[in-house]
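Q: I'd like a close look at a single part of this protein, with some of its wider setting. Could you walk me through it?

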Amino acid sequence: MANQTLQQARKNKSDEFYTQLPDIEAELKHYKEHFRGKTVLCNCDDPRVSNFFHYFSYNFEFLGLKKLITTCYKSQERDLFSQNNSERAIYLEYTGNKTGGRVPVAEEIGIKHLKGDGDFRSPECIELLKQADIVVTNPPFSLFREYVAQLIEYNKKFIILGNQNAITYKDIFKLISENKIWLGRSLSYIAFQVPSYYQEKSTRYWQDGNGQKWRSMGNVCWFTNLDIAKRHEELILYKQ
Ligand SMILES: C[S@@+](CC[C@H](N)C(=O)[O-])C[C@H]1O[C@@H](n2cnc3c(N)ncnc32)[C@H](O)[C@@H]1O
């Protein structure tokens with residue numbers, strides 16, 4: 001039992017890494033033309049705290065989106081790191097600013113309750129997935145294989161953040177070799193906010209002046225099946 005709990009804790013540890021807005025902006029600027037008239041789903045994102053939600057709601061008109069759907073997993077607390085201790089999750093559907101401004105106003109961001117815990121595999125979340133044209137998020141690293149398999153099963157376009165090691169997973173490598181998915185404008189180093197309970201002996205882990213804990217990873221990259229200019233750049237060969 002204790003061993004199981006430990007294993008779960010280890011697994012969950014890298015599931016609560018929160019992506020910073022500049023890292024999202026740096027990648028998504030390469031996909032602007034794909035978003036016009038589209039419904040975007042962020043399905044591992046508490047809309048009250050997710051920078052993916054922030055990015056798409058603030059750029060809703062600029063990107064010409066049709067709808068933004070965001071679902072969170074378990075926690076209903078406003079706290080970014082509430083440890084998913086509530087079983088009932090929330091979601092949100094945003095259709096743009098109706099008051100003429102560029103910034104979404106609170107009344108337009110109606111938060112609704114899900115029946116279950118917001119697991120991306122649950123039937124109600126799959127119904128939301130079916131509505132989406134493009135899925136964009138940083139999913140839990142421990143469920144990466146399952147997450148990608150579901151996107152492929154429902155034939156969705158996506159831009160998601162993952163660990164570079166995923167390239168070597170049998171099922172992910174197969175998709176890459178079949179040209180069904182590829183890497184985005186890959187990042188090699190990225191810093192994530194982590195929960196207050198997070199602890200590690202590593203130079204990649206630190207606490208800032210405000211007490212916020214951080215963990216950087218040198219091996220993350222974006223995975224996508226949307227076309228980007230980088231795919232069409234000629235490879236200059238300089239050696240035989
Ligand atoms: C790596 S974090 C990223 C959070 C957010 N997308 C971001 O980038 O800041 C992954 C998130 O997925 C949530 N999660 C874990 N298991 C999940 C599941 N089965 N279904 C949906 N979300 C899940 C975690 O609670 C966590 O908030």
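Leaving aside its neighbours within four places in sequence, which residues is I228 in contact with?

A: Happy to take you through it. Please keep in mind that this is a predicted model. Once neighbours within four places in sequence are set aside, I228 is in contact with H30, Y31, G184 and R185. To find I228 on your display, look in the segment after strand 11, which spans 220–224.

How open is this position? I228 counts as partly exposed because 19 other C-beta atoms lie within 10 Å, and a residue needs 20 or more to be buried.

Now for the wider setting. The chain has 7 helices and 11 strands, and 30% of its 240 residues count as buried. Among contacts with a separation of 6 or more, 67% are between residues 24 or more positions apart.

The largest nonpolar core holds 50 residues, and V40, L41, F56, A132 and V136 touch the most other members. Take F56: beyond its neighbours within four places in sequence, F56 is in contact with V40, C42, L65 and L68. In soluble globular proteins, nonpolar side chains tend to be buried together.

Finally, the ligand. There are 20 residues around the ligand, and T19, C44, Y73, N138 and P140 come nearest. By type, the shell divides into 9 nonpolar, 7 polar and 4 charged residues.

Definitions and conventions
Residues numbered from 1 in each chain as written. Predicted model: local features only at pLDDT ≥ 70, side-chain atom pairs only at ≥ 80, totals over all residues. Near = placed C-beta within 6 Å. Nonpolar A, V, L, I, M, F, W, Y, C, P; charged D, E, K, R; others polar. Helix = DSSP H or I, 4+ residues; strand = E, 2+ residues; numbered from the N terminus. Buried ≥ 20, exposed ≤ 12 C-beta atoms within 10 Å, placed from the backbone. Contact = placed C-beta atoms within 7 Å. Core = buried A, V, L, I, M, F, W, Y, C linked by C-beta atoms within 7 Å.
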